[in-house]
Amino acid sequence: MSPPAGPQLPEALAASDAVARLRGSGLRVTAGRVAVLRILTQAPHSDADSIIRGVRTHHGTVSTQAVYDVLRVLGQAGLVRRIQPAGGPARFELRVGDNHHHVVCRECGSTTDVDCAVGQAPCLDPSDDHGYRVDEAEVTYWGVCPACQEAVERRRSAGDRSPDLEGSLDPDGSPYPGAAR
Ligand SMILES: [Zn+2]
Ligand SMILES: [Zn+2]
C-alpha cells in the first residue's frame, strides 16, 4: 500500500474506494467495515463513541461490540491507526504509516495532524536507548486551539471577579468553567 500523499484529509471516501481498501488488505467486505472507513475519512481522530453514533445514524442498529470488532480488525490490517492522547479516549484515523504526530487542544480536545519532523519513525532518537530496539517515539503537542484561545483570554480577563469565589461554593465545580466538554 502506498502511503497517503498530498492533502492530508481527503474530502470523502467513496464506498467503492472503501471496498477496494478492504480487498487490498485481504479483508472481507462488510457494511460495518465500509461504514467505519467512510466515517473516519470525514471525521479523522474520532473516538469509538462518535464512530458508533455515526454508524447508527447512517446504517441503523449495530452493537457497540461490533464496531469495536471492526476497529480492531481494521487496526490489525494496518488500515486504521489508533492514538490515545493522555487523559482522553482512544481515537482512530486512516492516515497510517507516515509517523505523523498530533497537536491536541487542552480546552476542547480537538486533534490535528502534524507532519513528522524527520519523516520517519522514531523521529526522536533517545539519548540512551538502554539496549531497546526503539521503533517509535510518541510525540503529542499540547496547546490551545485558535477557537479556544479567545475563550481562554476572556476567562483570564474576567479572572479577578471569579464567580467561583462570589457565587455558590460547589465542591464539585470545575475551577475552569469554560472547560466543560
Ligand atoms: Zn480547542
Ligand atoms: Zn492523525
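This is a predicted model: local features need pLDDT of at least 70, side-chain atom pairs count only at pLDDT 80 or more; totals for chains, interfaces and linings use all residues.
Good morning, colleagues. I begin with the chain as a whole. It contains six helices and six strands, and along the sequence these follow the pattern α-α-β-α-α-β-β-β-β-β-α-α. The chain has 181 residues, of which 16% count as buried. Among contacts with a separation of 6 or more, 47% are between residues 24 or more positions apart.

I turn now to helix H1, which spans residues 15–24. Which of its residues are buried? They are Ala18, Arg21 and Leu22. Viewed down the helix axis, the buried residues of H1 fall within an arc of 95°, so they line one face of the helix. Helix H2, residues 31–42, is included in what covers the buried residues of H1. On the face turned away from the buried side, H1 carries the exposed residues Ser16, Arg23 and Gly24. After H1 comes Gly26, with a positive phi near 70°.

My last topic is Ser110. This residue sits in the loop between strand E4, residues 101–105, and strand E5, residues 111–114. Why does Ser110 count as partly exposed? The reason is that Ser110 has 14 C-beta neighbours inside 10 Å, whereas a buried residue would need 20 or more and an exposed one 12 or fewer. Setting aside neighbours within four places in sequence, Ser110 is in contact with Cys105 and Cys145. Ser46, 64 residues from Ser110 in sequence, is 9.8 Å from it in space, C-alpha to C-alpha.

Thank you for your attention.

Terms used
Residues are numbered from 1 along each chain as its sequence is written. Chains are lettered from A and ligands numbered from 1 in the order in which they are written. Helices (H or I, at least four residues) and strands (E, at least two) are DSSP runs, numbered from the N terminus. The arc is that of the directions from the helix axis to the C-beta atoms. Two residues are in contact if their C-beta atoms, placed from the backbone, lie within 7 Å.
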